[in-house]
Amino acid sequence: RKTKEDTIKHILPSISVQSVYLTVDNIEQKDTYNFFVNEELILRKILRMRQSLNNHKQLLEEIEELQSNVDINHSSKITSIKLKTVTELVNNIPNDDKILIVSYFTKLLLQIPKILPYDKEQIALFHGGLTVAERNDILNSFKNNSNTRVLLMNLRAGGCGLNLVEANHVILMEPYWNNAEEQQAINRCYRIGQKKPVFVHKLVIENSIESWLVRLQKSKDNI
């Protein structure tokens with residue numbers, strides 16, 4: 001007996017899912033991550049470690065307030081390896097394709113327009129703090145305005161039923177505890193109505209809590 005998934009496979013174009021493993025390439029980001037490795041409160045520790053791997057600059061002021069004698073030499077010119085990678089990925093995507101960038105952290109999404117080679121009119125932000133009217137306006141713009149190329153979406157805001165087949169490139173900024181939520185984000189684009197091949201890039205920092213999360217996902221999938 002054919003399942004729904006078997007039937008959909010024959011209807012949809014191809015999908016390519018690639019895990020992009022990255023190595024932190026500057027001392028500043030390593031120092032920020034290592035500072036929170038020593039945090040005593042477990043949940044706070046995990047949250048801050050994950051944040052530092054995305055965009056450590058958001059946390060530098062907090063570190064300085066917590067412990068003024070921490071020696072972290074930071075420069076405004078240095079950005080995180082993930083933001084650099086996003087820029088590289090986006091620059092290699094054809095101009096007539098649309099892009100969905102997903103993160104658990106809305107603060108990270110707010111930083112991304114600053115590093116992309118687009119005007120603010122070409123980028124839309126979709127998160128849980130929007131009103132229904134604002135959400136509808138953003139989705140309508142992304143779907144119907146060819147000038148809106150990038151949709152930045154909070155992972156928790158991309159609920160069931162959200163149809164984003166206008167995008168055929170998905171960039172997942174970090175792994176999440178529950179692989180099903182990641183898959184749901186991908187399925188916003190890879191669903192009936194999609195006409196183009198879909199390309200998914202999962203960004204993961206090697207030898208960090210993120211690579212541990214990927215192993216956790218795989219172990220849960222095998223249960």
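## Helix α5

In α5, the buried residues are I81, K82, L83, T85, V86, T87, L89 and V90. Buried here means under 20% relative accessible area, exposed means over 50%, and partly exposed lies in between, with a 1.4 Å probe and protein chains only. The helix is mostly covered, with 8 of its 11 residues buried.

## Basis of the description

This is a predicted model, in which local features need pLDDT of at least 70 and side-chain atom pairs count only at pLDDT 80 or more, while totals for chains, interfaces and linings use all residues. Residues are numbered from 1 along each chain as its sequence is written, and side-chain values use heavy atoms, with hydrogens and water left out.

## The chain as a whole

The protein chain has 9 helices and 6 strands. These are DSSP runs numbered from the N terminus, with helices (H or I) of at least four residues and strands (E) of at least two. Of the chain's 223 residues, 48% count as buried.

The accessible surface is about 12200 Å², and 50% of this belongs to carbon and sulfur atoms; the areas come from the Shrake-Rupley method with a 1.4 Å probe, and for residues only the protein chains shown count as cover. Among contacts (heavy atoms within 4.5 Å) between residues at least 6 apart in sequence, 77% join residues at least 24 apart.

## Nonpolar cores

In soluble globular proteins, nonpolar side chains tend to be buried together. A nonpolar core is a set of buried Ala, Val, Leu, Ile, Met, Phe, Trp, Tyr and Cys residues joined through side-chain atoms within 4.5 Å. The largest one in this model has 30 residues, of which I101, L116 and I171 touch the most other members. Two or more residues each come from β1 (15-22), α3 (42-55), α5 (81-91), β2 (98-103), α6 (106-111), β3 (123-126), β4 (150-154) and β6 (198-205). The biggest contribution, 5 residues, is that of α5.

Beyond its neighbours within four places in sequence, I101 is in contact with V86, L109, I112, L116, V150, L151, L152, M153, I171 and M173. There is also a second, separate core of 25 residues, which includes M153, L155, L164 and V198.

## Histidine in β6

H201 lies in strand β6 and counts as buried at 14% relative accessibility. Not counting residues up to four places away in sequence, H201 touches Q18, V20, L89, V170, I171 and L172.

## One side of helix α8

In α8 (residues 179-187), N179, E182, A185 and I186 are buried. These residues are on the same side of α8 because they cover an arc of only 115 degrees around the axis, the arc being that of the directions from the helix axis to the C-beta atoms.

## Aromatic rings

The structure holds 2 aromatic pairs. Rings of Phe, Tyr and Trp (its six-membered ring) pair if their centres lie within 6.5 Å; planes under 30 degrees apart count as stacked, over 60 as edge-to-face and the rest as tilted. Y104 and F105 form an edge-to-face pair, 5.2 Å centre to centre with 90 degrees between the planes. Y104 is partly exposed at 28% relative accessibility, whereas F105 is buried at 9%.

Y104 also forms a stacked pair with Y176, at 5.2 Å centre to centre and 25 degrees between the planes. Y104 lies in the loop between β2 and α6 and Y176 in the loop between β5 (167-172) and α8, so this pair ties together parts that are 72 residues apart in sequence. Y176 is buried, with a relative accessible area of 8%.
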